Amino acid sequence: MTKGKNILFAGCLAHLVHDGLSDMLYIFFPIWQVQFSLTFAEIGLLKTLFSGSLAGFQVPAGFLASRMGEVKLLLLGTLLTSAAIFLLGWAAAPMVVGCLLVIGGLGSSTQHPLSSSLISSAYPDKTERRTALSTFNVAGDFGKLLLPAMTALLIAQYNWMTASRFLGMLGMMSVVVIFLMTKNMGQPSSTNEEKPETAALGCFAWKGNQSFWSLSMIGVIDSATRMGFLTFFPFLLQEKGAQVSLVGFALSLVFAGGAAGKYICGKLATKFGILRTVVTTEMITTLCILGILFLPLEPVLLLSPLLGVALNGTSSVLYGSVPELVSDEQCKQAFAIFYTATIGSGAISPFLYGLASDIVGIKIAVILIAFVVLLTLPLTLRLRGKFA
């Protein structure tokens, strides 16, 4: 294999493992609630600890990569996440679980920025780079399909501790493979990460760009909805009588729909326009969430892929629209702000919606999630005429 293909394979494997390990946590939440007698707010906080540490340390990961090298830091991050998941199999208290999730999130914070940077550097040709990054994105979706389903099957056959240990070991094995694929390569300079603080400090230089901020707020609401609802989706399924294996299958259907949604919504945006696509997918999201709440189990399984299309497809349309609202010079800053805002809202929303579930009940909280999505619709008014 050529150097570029080696790096692409290593990046895709890292993406598969990190995204898979992250999304398999949804299977654990209902089990932990029973075992540790947790409230919904505490369950949401566990998700926030992982996602928050992942989001908050992506920029520091860029600083650190410029000192120790992108490949080394990616290996270390993958090892850290895998070790945290492995040790979860011996966690006997929620405090220990929370600490390990923070460690796992820290490890996963290295994956997206460093893998993307490595692949971009390995493919200087613009067309080849786009193909490589598209392949990289699909690998993450495949991990979301594979590892949660594997987790559910292992829990059904053994228990959650065994599943956690097995998947942690699987992650550690991937570290060895990534090392073997990249061991003879020099460390490319991290030019994309040299001054991430510039993007952060310059974020208010064009605060009058109301269209960009409207798009960002839509992204914030969309991300908060996705993370918040998926955290409590397994609980709704269990209330309808679903066993762990069926919960895993339903999540896989959602993630499969999400993978397809990136392609489907991209095509819809090209044919019917970005705004029409966003409005349609957000309304479908509301209807699917309400349907999942009130319908029996079998129709819920049928709705799950459509929910995935709407949840994930919207986000891909949104971040793909960022460059159309800012100048070329502001594009890097815009992406930094957009991703920080959306990832941050996705990190905090499980705790907030969990708190609401404890106060008014999970069904009322899920109805709240469904209708909060509709707040995106008036935000689209400022975007009329902004897209070709």
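Predicted model: local features only at pLDDT ≥ 70, side-chain atom pairs only at ≥ 80, totals over all residues.

Student: Where is the kink in α12 centred?

Tutor: The bend at a residue is the angle between axes fitted to the seven residues ending there and the seven starting there. In α12 the kink is about 35° and is centred on Gly261. Just after this helix, Gly273 has a positive phi of about 105°.

Student: How are two packed helices described, and at what angle do α11 and α13 cross?

Tutor: Two packed helices are described by the angle between their axes and the distance between the axes. Axes here are lines fitted to C-alpha atoms, for helices over the stretch in contact, and angles run from 0 to 180 degrees between N-to-C directions. Helix α11 (residues 210–239) and helix α13 (residues 274–294) have axes that come within 12 Å and cross at roughly 20°. That makes α11 roughly parallel to α13. Angles under 35 degrees count as roughly parallel, over 145 as roughly antiparallel, 65 to 115 as roughly perpendicular, and the rest as oblique.

Student: What is the handedness of the α11 and α13 crossing?

Tutor: A crossing is left-handed if the near helix is turned anticlockwise from the far one by less than a right angle, and right-handed if clockwise. The crossing of α11 and α13 is left-handed.

Student: Are α1 and α7 roughly parallel or roughly antiparallel?

Tutor: The axes of α1 and helix α7 (residues 111–122) come within 9 Å and cross at roughly 165°. The two helices are therefore roughly antiparallel, and α1 passes α7 in a left-handed crossing.

Student: Is the crossing of α3 and α6 left-handed or right-handed?

Tutor: Helices α3 and α6 pack with their axes 7 Å apart, at an angle of about 25°. That makes α3 roughly parallel to α6. Their crossing is right-handed.

Student: How many disulfides does a search of the whole structure find?

Tutor: A disulfide is a covalent bond between the sulfur atoms of two cysteines. The criterion used is a pair of cysteine sulfur atoms within 2.5 Å. The search of the whole structure finds zero disulfides.

Student: Are Cys265 and Cys288 buried or exposed?

Tutor: Buried means under 20% relative accessible area, exposed over 50%, and partly exposed in between, with a 1.4 Å probe and protein chains only. Cys265 counts as buried at 1%, and Cys288 is buried at 3%. Cys12, placed in helix α1 (residues 3–23), is also buried, at 13%.

Student: Which loop holds Ser37?

Tutor: Ser37 lies in the loop between α2 (25–36) and α3 (40–56). Ser37 has a positive phi of about 55° although it is not a glycine, and with a relative accessible area of 62% this residue is exposed. Another loop residue is Thr110, between α6 (94–108) and α7; Thr110 is buried, at 5%.

Student: What separates the C-alpha atoms of Ala152 and Ser245?

Tutor: The separation is 4.8 Å, although the two residues are 93 residues apart along the chain. Ala152 is in helix α8 (residues 126–157) and is buried, at 1% relative accessibility. For Cys12 and Gly143, 131 residues apart along the chain, the C-alpha separation is 9.6 Å. For Ile284 and Phe235, 49 residues apart, it is 21 Å. Ile284 is in helix α13 and counts as partly exposed, at 26%.

How values were computed. Residues numbered from 1 in each chain as written. Heavy atoms only, no water. Helix = DSSP H or I, 4+ residues; strand = E, 2+ residues; numbered from the N terminus.
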